[in-house]
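Subject: Structure handover

Hi,

Here is the structure I promised to pass on to you. Please open it in your viewer and keep it beside this email while you read my notes.

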Amino acid sequence: MKTFQTFDIESTYNAFHNRFPNHREVPVIGITGNFSDGNLTLASGYYTSILKAGGVPFIIPPFEDANILINLLDSIDGLLLTGGGDINPLFLGEEPVKELHSINPYRDRQELLITRLAANRQIPILGICRGIQIMNAALGGTLYQDIYSQTESKLIKHSQELERSFASHTVHIDADSLLAKIMGQTTLPVNSFHHQAVKKPAPGFRVSARASDGIIEAIESTECKSMIGVQWHPECFILNNDPCMMPLFGWLLQEADSFRTAKALHQRILTLDSHCDTPMFFDQNIRFDVRDPKIKVDLHKMTEGRQDATIMVAYIPQKERTDEALLAATAKADQLLNEIEQMVAMNCTAVDIAYCPADLYRLKQTGKKAIMLGIENGYAIGKDLSNIERFRQRGVVYMTLCHNGNNDICGSARYNEENAGVSDFGAQVIREMNRTGMLVDLSHAGERSFYDALDISQSPVVCSHSSCRSLCDHPRNLTDEQLKAIARKGGVVQLCLYSGFLRSDRPADIRDAIEHLHHMVNLIGTDHVGIGTDFDGDGGIAGCNDSSEVINFTRKLLYERYSEEDIRLIWGGNFLRVMDKVQRYS
């Protein structure tokens with residue numbers, strides 16, 4: 001019986017690198033191939049354009065094995081979706097119109113799947129002609145099966161008889177679009193060979209160019225992601241030595257190179273998100289071992305985003321401060337911690353609980369994801385100081401002193417005007433946390449509570465998910481003086497990715513988060529900042545909305561010229577340095 005080995009691009013590439021150690025590393029671009037008359041075919045313009053732009057083209061044949069596709073996608077740095085026949089409308093939930101041309105059953109299912117998988121992994125994508133349609137349909141948009149019969153506008157001939165390397169009409173590019181920035185103009189002569197087209201852009205996309213008859217000619221991501229589709233064939237110009245379309249392929253190679261660099265960086269460093277609220281969803285039948293749409297942190301998304309670890313918190317909402325309510329809060333915290341442990345036990349081959357920084361690095365070396373335990377709201381301990389040591393012994397690494405309400409420990413930022421500080425009981429709580437090696441988390445604490453806690457604590461403190469008040473005037477954010485004070489104490493502030501803490505005038509995106517990070521770094525340096533996303537606790541912004549997208553944050557940091565050491569510190573190094581010091585102090 002014959003056995004067949006799958007082709008491993010990465011192993012082959014590494015073997016080549018070992019043999020030729022001085023060669024320049026360049027991005028590998030996967031190019032979808034056509035299939036007709038029993039043969040794999042590809043117009044030469046596609047791979048020629050990638051070569052001229054400085055990349056390595058890799059032709060992807062049409063096959064549907066998802067496991068092999070995933071392995072393949074892990075080895076490429078960019079994806080080029082090529083032109084070809086019509087898309088089968090049955091895959092889009094429609095019946096065919098009589099004007100439909102020939103369809104290719106070998107390509108559609110695979111390309112719809114590979115596009116979704118690539119988008120989940122944040123792989124840069126350029127779609128050309130059929131490629132823009134595949135990208136749009138795969139990600140939730142709609143298509144015209146035939147623009148001539150399904151639209152009123154018939155001013156433009158969209159299937160030219162000219163040689164393919166010559167333009168037949170112009171498109172009008174939105175001046176504020178990424179495409180306009182890439183091409184350096186807003187009116188562009190293009191060639192045209194289609195009768196299908198984008199009808200409605202997929203969620204997270206915008207129209208960036210149209211023909212004069214209103215037909216959509218280009219779309220691009222509105223979520224700061226590297227995805228663009230064009231309806232024309234830029235590769236035909238390049239094949240005829242006309243460089244007018246090279247900026248498109250240059251953009252793809254630039255984005256792919258950034259992605260390749262970020263992937264390699266994530267291999268070398270540990271990436272820790274210091275705050276997520278995923279346990280809040282445990283009662284909704286979530287599945288941590290699959291890509292569950294109900295949650296922003298699961299094993300698949302952590303793998304796709306190359307995230308190593310997260311701190312899951314047992315969040316306890318602030319309620320009455322009666323003895324009965326306090327006992328119920330403690331019981332709820334124990335229940336949530338039990339559920340985190342049960343979830344980890346059910347997925348023990350892929351994830352484990354870490355109790356200290358050394359555990360995190362050990363788990364990364366073994367290829368496992370790591371979960372640390374936290375408590376959000378000191379209300380969970382009731383009035384019993386012994387609960388602190390008990391929670392610490394079961395692995396809780398930090399406790400947020402309060403949440404959106406005053407409690408027996410301290411005053412909340414929601415009620416700053418009340419000027420409530422740390423109570424006498426709260427001072428005992430902080431000292432006991434110091435003694436047991438549990439980090440004191442001051443996110444959600446009111447300003448007076450913040451400064452009181454800094455004075456009381458003998459160990460550095462943290463803010464597990466907070467942003468800058470000077471950029472977004474919200475009481476949950478930290479003033480510049482607070483940022484400086486926590487740094488003087490040797491602590492760390494973890495940037496929160498909740499939109500309302502980043503901007504007040506519009507929904508925030510990843511660029512706004514970077515601006516907050518810049519502000520922190522300018523004030524207190526790269527040694528005192530990090531990232532606490534608040535995923536599944538309303539955190540998540542365009543460009544970094546769940547664990548699959550954390551690599552986008554790394555790409556932005558690289559773009560902003562942060563060094564590898566800076567990025568290592570920001571992605572958990574600082575937080576773990578403080579954790580190690582606090583645990584050793586105990």
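Let me start with arginine 164: its charged end sits over the ring of phenylalanine 193, 4.1 Å from the ring centre. There is another arrangement of this kind at arginine 390, whose charged end lies over the ring of phenylalanine 391 at 4.7 Å from the centre. Please bear in mind that this is a predicted model.

Next, the ring pairs. A pair of aromatic rings is described by the distance of the centres and the angle of the planes. How many aromatic pairs does a search of the whole structure find? The search gives five, and I will go through two of them here.

One of them joins phenylalanine 35 and tyrosine 106, with 4.7 Å from centre to centre and 55 degrees between the planes, which makes the pair tilted. Phenylalanine 35 belongs to strand β2 (residues 34-36), while tyrosine 106 is in the loop between β5 (78-81) and α4 (108-120), so this pair ties together parts that are 71 residues apart in sequence. Phenylalanine 35 is partly exposed, at a relative accessible area of 24%. Tyrosine 106 is partly exposed too, with a value of 49%.

Tyrosine 498 and phenylalanine 501 form another of the pairs, this one edge-to-face, with 4.5 Å between the centres and 75 degrees between the planes. Is each of these residues buried or partly exposed? Tyrosine 498 is partly exposed, with a relative accessible area of 28%, whereas phenylalanine 501 counts as buried at 7%.

Now to the sheet. Nine strands make up an open sheet with mixed pairing, in the order β4-β1-β5-β6-β13-β12-β11-β8-β9. At its edges stand β4 (56-60) and β9 (187-190); each has a single partner strand, so one side of each is left without a neighbour in the sheet. On average, neighbouring strands are turned by 20 degrees against each other, with direction ignored.

Arginine 206, for instance, has glutamate 220 in β12 as its bridge partner.

Finally, which strands does helix α9 touch where it packs on the sheet? Helix α9 (residues 246-268) is in contact with β1 (28-32), β5, β6 (125-128) and β13 (227-230). The direction of the helix makes about 155 degrees with that of β6.

Best wishes

How values were computed:
Residues numbered from 1 in each chain as written. Predicted model: local features only at pLDDT ≥ 70, side-chain atom pairs only at ≥ 80, totals over all residues. Heavy atoms only, no water. Phe/Tyr/Trp six-rings, centres within 6.5 Å; stacked < 30°, edge-to-face > 60°. Helix = DSSP H or I, 4+ residues; strand = E, 2+ residues; numbered from the N terminus. Buried < 20%, exposed > 50% of the residue type's maximum accessible area, 1.4 Å probe, protein only. Lys NZ or Arg CZ within 6 Å of the ring centre and 35° of its normal. Pairing = 2+ DSSP bridges. Axes fitted to C-alpha atoms, helices over the stretch in contact; angles between N-to-C directions. Contact = heavy atoms within 4.5 Å.
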